[in-house]
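Notebook open, structure loaded. I want to jot down what I look up as I go, chain by chain.

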Amino acid sequence: MLCKQGGRRFDAGHVHPLSSWLTLGRSPLGESHVLYNSRSMQTRTTDAAQFQRASDQSLLVYLGQRITLEAHERVRKLLRLLERKPIAGVRNLNPAYCSILVSFDALKLNHRDLEEILRGYLDRLDATPIPKGRELQIPTCYGGEFGPDLHEVAALHGITPAQVIELHASVSYIVYFLGFVPGFAYLGELPEALATPRLDSPRRSTPPGSVGIAGKQTGVYPFATPGGWRLIGRTPIAMFRPGRKVVSLLSIGDRARFTPISAARFAAMEHA
Amino acid sequence: MSTIQVQTPGLQTTVQDLGRNGFGPLGVSPSGAADPISLRLGNRLVGNVEDAAGLEMLLLGGTLVFPQGAILALAGSDFGAILDDLRIDVGTPLEVRPGQTIRLGPTRSGARCYLCVQGGIAVKAFLGSASTHILSGLGGFQGRALRKGDVLRIGSASKDFRRRTIAPRALEHLSPRKVLRVTAGPQVDWFSESSLRSFYAGIYRVGEQSNRMGLRLEGAAVAQQGARQMITEGVSLGAVQVPAGGTPIILFVEQQTTGGYPKIANVIAADIHRVGQLRPRDEIRFELVTCDEARSLLVEQENMLASPELILERGAWI
C-alpha cells in the first residue's frame, strides 16, 4: 500500500477531511481510532475536531469543514488558548479559515501526545471568550493605475466601476487569518455581486498595497509578490512594517473597511 | 569592531541563522538556513552557538575582504574557496589575517555553502532572528541579498582559535542524496493509487525557478481524482503540493504560510537540509516512510550531531 502513515492514517478511504466530519475517539487500548460518520451523526461537542498529520513534525487541527463564522471563532479560541498556554515543543501555529496547523519539534513531541494535550484544550473551547477585534479603516484609491482590473471586474458583473467601488467599500470585513506572506489578511466576505474568479494567469508581481479580490475574498498585498487576485485599488498605508510596535496592521479577528480616497489624497498619505 | 567587506556578492548571498519560529499567525514563515545542518556545523567549527548568523551562498560565491581578520569556517558545498592564493577546504576552520581576501567560485557539489565567522554576523534581529526573508525584504542585512560594497559587522568574539574538523562519518551523512524521504501528505486521499505509484516511481528534476520559497519540480504530472476545492490551510515546511497543472512543488524555508493546493507528501525533518543542497536540474525521487520511521531517522541524525566525536578537536594551534 502506497499511502501508509504509521498505520494511523485516517482510514477514511474516499472520505476527505473537508468533505465529511470525523470525530476522533479513544479505544480502550488507548489508541485513537476513527469514527467516521455522516454529517447527520455530527455532534457539537467541544472535542469535535479532527486531527490530520500533515508531516512528521506537524499536525492539522480541523475545527470545521466550511468557511463559516462559527469555524472562524473556534479557530480564534483555540489559537488564543495555545498562545496563552503554549505547549512545550510546539514551534509554530498557522491558523486559517477552519484549521490550525501546529508545527512541533519532533524530538520533543509526537503526534499522539500532542493530540492528547490538544484534546484538553479543545474541551475548554466553548468556555473561552474571545476579545472583540478592532475595526480598522483601509484608505483605498480605486481604479486607474492602482486598480488595473477594476473595469474588467465591473464588466464581468455587468455593473459600473463606481458600483464595484461602492459595493467593495460597503462591507465591514472579517480578518479570517493572516497567511501567504507576512501581513496578508484574508478578508471576507465579499458581497455576492462581486465574487470574481482569479486571473487565468497570475501577475509576476503585484505592487505593495494593491487591493485585490478573488472568489468571495478580498485582501491587500503587503509586498511585491506574484498574485492571481484581481486588483481594483491600492492603499498608501503599510500593512506590515517592521519598525512599528505592532508589525502587522491587521490581526486575526479584526474587522476592516475600505474607504475610497482620491489620487491626490493617496499621494499625500504616501509621503506623510 | 571587525567587519567583512563585500567585494563581489555572488549569486545570492544572505545572512541566515536557524530561522524565526512562532510568527505563523502574522503570516511570517521561519526562513533561516536552507541547509540548517551545515550552518550548525560551520558554527561549531568556529566555536559559535549553533544558531549564530552566518552567510548562505547559492551556487556561486562572492569575494569577501576581512580588514581586521577573522576566524572562520566554510560548511556545506564546496565552492572552490581561495584565501589570497591558497585553496581552503570546507569543514576546517582557519584564521584569516587582517586584510586577507576570500574568493568563492561556482559550486563543485551542492547548491549552498555557508561561511561562519567566530562571533557570528551581527545584524539587527527582526522578530528574534537574523534570518533574511527575501520576498518581504525583512531581516538579515537590510532585508536583502548582499551587494557589492556592503560592510557587515562581525559579532564580538574571543579570537580563540582551535583546530577542528568534522568527523568523516558526519560528512558522509551530509553527502548529497537524491532520494528524499517523505511522509504521506494531508490530502493524499485526493490522489489515485496509480497517481501515487507514478509519483513514487518517477524521477523529478528541480526546475530553474526554484528558490528559498519553493522548489518547482519537472516530471510526470500527478493527477487528482475528481475536482475538489481546497479550503486554504496552513502548510508545513517541506510540503509537496500539487497545483492544478499536476507538477509538484516542494515548499521550502521561506514558504508561503498557508495555501490552497492539495499536498501529496511532505519531506521528513531529517531530509530538509538535503533539499537545501539541491541545484536546478538535479534529479530526485521520493521514498515513502511512516511518521515513526521519520522520527527515528531524525533522532539518529541528532544523536550523530550531538556526539562528542562529531567535531574533532586538534588542540590549540599556534
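This is a predicted model: local features need pLDDT of at least 70, side-chain atom pairs count only at pLDDT 80 or more; totals for chains, interfaces and linings use all residues.

**Where the chains meet**

I started with the interface: 46 residues of chain B are in contact with 49 residues of chain A.

Next I asked myself which elements of chain B each supply at least two residues of the side that touches chain A. I found strand S14 (179-184), helix H3 (193-201), strand S17 (233-234) and helix H5 (291-306) of chain B. H5(B) gives the largest share of that side, with 7 residues. I also sorted the side of chain B that touches chain A by residue type, and got 22 nonpolar, 16 polar and 8 charged.

**Chain B as a whole**

I counted 5 helices and 23 strands in chain B. Its C-alpha trace spans about 65 × 40 × 30 Å along the principal axes. I then checked the radius of gyration: chain B has 20 Å, and this agrees with a compact globule because one of 318 residues would come out near 20 Å. Of the 318 residues in chain B, 54% are buried. I looked at contacts in chain B with a separation of 6 or more as well, and 76% of them join residues 24 or more positions apart.

**The barrel in chain B**

How many strands close into the barrel, and in what order? I get 7 strands in chain B, running S14-S21-S18-S19-S16-S15-S22, with mixed pairing. Ignoring direction, neighbouring strands of this sheet are turned by 40° against each other on average.

I zoomed in on one pair from that order. Strand S18 (residues 239-241) and strand S19 (residues 249-251) of chain B pair in the antiparallel sense, over 2 bridges. Within the pair, I noted that Gln241(B) stands opposite Ile249(B) in S19(B).

**Chain A, two domains**

Chain A is divided into domain 1 (21-123) and domain 2 (135-270). The contact between them takes 7 residues from domain 1 of chain A and 6 residues from domain 2 of chain A. On the domain 1 side that touches domain 2, I see helix H1 (69-84) and strand S5 (90-95) of chain A giving two or more residues.

I went through the backbone angles last. As a reminder to myself, most residues other than glycine have a negative phi, and most peptide bonds are trans.

The peptide bond from Gly188(A) to Glu189(A) is cis, and I noted its omega as near -10°. Glu189(A) lies in the loop between strand S9 (185-188) and strand S10 (203-206) of chain A.

Phe180(A) is not a glycine, yet it has a positive phi of about 75°. I located Phe180(A) in the loop between strand S8 (173-178) and S9 of chain A. Is Phe180(A) buried or exposed? I counted 25 other C-beta atoms within 10 Å, so Phe180(A) is buried.

In chain B, Asp84(B) also has a positive phi, about 55°, although it is not a glycine. Asp84(B) sits in the loop between strand S6 (82-83) and strand S7 (86-87) of chain B. Asp84(B) counts as exposed because it has 12 C-beta neighbours inside 10 Å, and 12 or fewer is the cut-off for that label.

Conventions:
Residues are numbered from 1 along each chain as its sequence is written. Chains are lettered from A and ligands numbered from 1 in the order in which they are written. Domain bounds come from an automatic or database domain assignment. Two residues are in contact if their C-beta atoms, placed from the backbone, lie within 7 Å. Helices (H or I, at least four residues) and strands (E, at least two) are DSSP runs, numbered from the N terminus. A residue is buried if 20 or more other C-beta atoms lie within 10 Å of its own, exposed if 12 or fewer, and partly exposed in between; C-beta atoms are placed from the backbone. Ala, Val, Leu, Ile, Met, Phe, Trp, Tyr, Cys and Pro count as nonpolar, Asp, Glu, Lys and Arg as charged, and the others, Gly among them, as polar. The radius of gyration is taken over C-alpha atoms; the globule rule is 2.2 Å times the number of residues to the power 0.38. Two strands pair if DSSP finds at least two bridges between them. Axes are lines fitted to C-alpha atoms, for helices over the stretch in contact, and angles run from 0 to 180 degrees between N-to-C directions.
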